[in-house]
Amino acid sequence: MIEIKNIQKTYNYGKSNAFQALNDVSLTINDGEMVAIIGKSGAGKSTLMHILGCIDEFESGKYYLNGEDVSSLNEKKRAQIRNSKIGIVLQDFALVESYSVIENVMLPLYFSKGIKGKKEKMAKAIDVLKQMEMYEFVDKKVNKLSGGQKQRVAIARAMINNPKILLADEPTGALDVKMSAEIMSIFEKLNEQGTTVIIITHDMEIAKKCSRIIEISDGRII
Ligand code: ADP
Ligand code: MG
């Protein structure tokens, strides 16, 4: 499903402040896997996730997604792939705080072609929010929610287009132990339903719940 080969990623490439964040990274992740990516702060975890999520470009190497070469697509094409195939839960939720829960979850539907009318969009959002046990909060403003509830909204938003792949960057980083366990059980459920799940984490307890752990150090997989 996901295959990256010899990826090099340098921020400020070609400039005096260039910084190589990924060095010769190769990785295969199969359909249906649940993988943890671990490593110290600054190791390159988020950089790798942004590449896997078709958010960022890289200067050399290859990325095949379901056999399709997505290495050198322009931003528009990458956005299309992101919308149709990949759900992303960014660090610190990245929700629109002043919007309601359902407005946040519906946002990606305005960038994809699938669901046309507003009623249909709302029905789809409610459906995903029910799966996250957030039905009772649909009309609540995000800034009134707890951390665990915000994370459920972020996951609902990531799942709204039924992506085959779900990427999450430190999804339990801001949560206490009990809420972390609840969020992990959501990821486990989504994985059982067939979603490939990739979780970046600092927490070994979280990583141990995944079927494979990939460790990054100084921009290399070790
Ligand atoms: P992690 O998620 O493992 O903490 P990151 O992937 O965010 O690490 O960052 C890896 C390295 O790349 C760090 O040294 C960081 O300072 C650097 N870096 C990240 N983003 C940028 C950027 N936009 N410009 C320059 N350097 C960056
Ligand atoms: Mg990070």
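A polar contact is a pair of N or O atoms within 3.5 Å; within protein, one must be able to donate a hydrogen and the other to accept it, and residues adjacent in sequence count only if both atoms are side-chain atoms. This is a predicted model, in which local features need pLDDT of at least 70, side-chain atom pairs count only at pLDDT 80 or more, and totals for chains, interfaces and linings use all residues. Residues are numbered from 1 along each chain as its sequence is written, chains are lettered from A and ligands numbered from 1 in the order in which they are written, and side-chain values use heavy atoms, with hydrogens and water left out.

Q: What makes the approach of Gly44 to an oxygen atom of ligand 1 a polar contact?
A: A polar backbone atom of Gly44 is 3.0 Å from an oxygen atom of ligand 1, and a pair of N or O atoms counts when it lies within 3.5 Å, so the pair qualifies as a polar contact. By the rule just given, Gly42 qualifies through a backbone N or O atom 2.7 Å from a ligand oxygen, and Lys45 through an N or O atom of its side chain at 2.9 Å. Taken alone, ligand 1 exposes 560 Å², of which the protein buries 62% (accessible areas come from the Shrake-Rupley method with a 1.4 Å probe; for residues, only the protein chains shown count as cover).

Q: How do you know which residues surround ligand 1?
A: A residue is near a molecule or strand if one of its heavy atoms lies within 4 Å of it, and the residues around ligand 1 include Tyr11, Phe19, Lys40, Gly42, Lys45 and Thr47. The shell divides into four nonpolar, six polar and two charged residues, where Ala, Val, Leu, Ile, Met, Phe, Trp, Tyr, Cys and Pro count as nonpolar, Asp, Glu, Lys and Arg as charged, and the others, Gly among them, as polar. Its largest share, three residues, comes from H1.

Q: Why are E3 and E9 called paired strands?
A: Helices (H or I, at least four residues) and strands (E, at least two) are DSSP runs, numbered from the N terminus, and two strands pair if DSSP finds at least two bridges between them. Strand E3 (residues 34-38) and strand E9 (residues 212-217) have four bridges in the parallel sense, so they meet the rule. Within this pairing, Ile37 has Ile214 as its bridge partner, and Ile38 has Glu215.

Q: What makes E9 and E10 a pair, and in which sense do they run?
A: Two bridges join these strands, which run antiparallel, and at least two are required, so E9 and E10 count as paired. Ile216 stands opposite Ile221 in E10, and the strands form a hairpin with two residues between them, where Asp218 in the turn has a positive phi of about 45°.

Q: Why is E6 called an edge strand?
A: The open sheet has six strands in the order E6-E7-E8-E3-E9-E10, with mixed pairing. E6 and strand E10 (220-221) each pair on one side only, and they are its edge strands.

Q: How do you know that E1 pairs with E4?
A: Five bridges join strand E1 (residues 2-11) to strand E4 (residues 60-65), and at least two are needed, so the two strands pair, running antiparallel.
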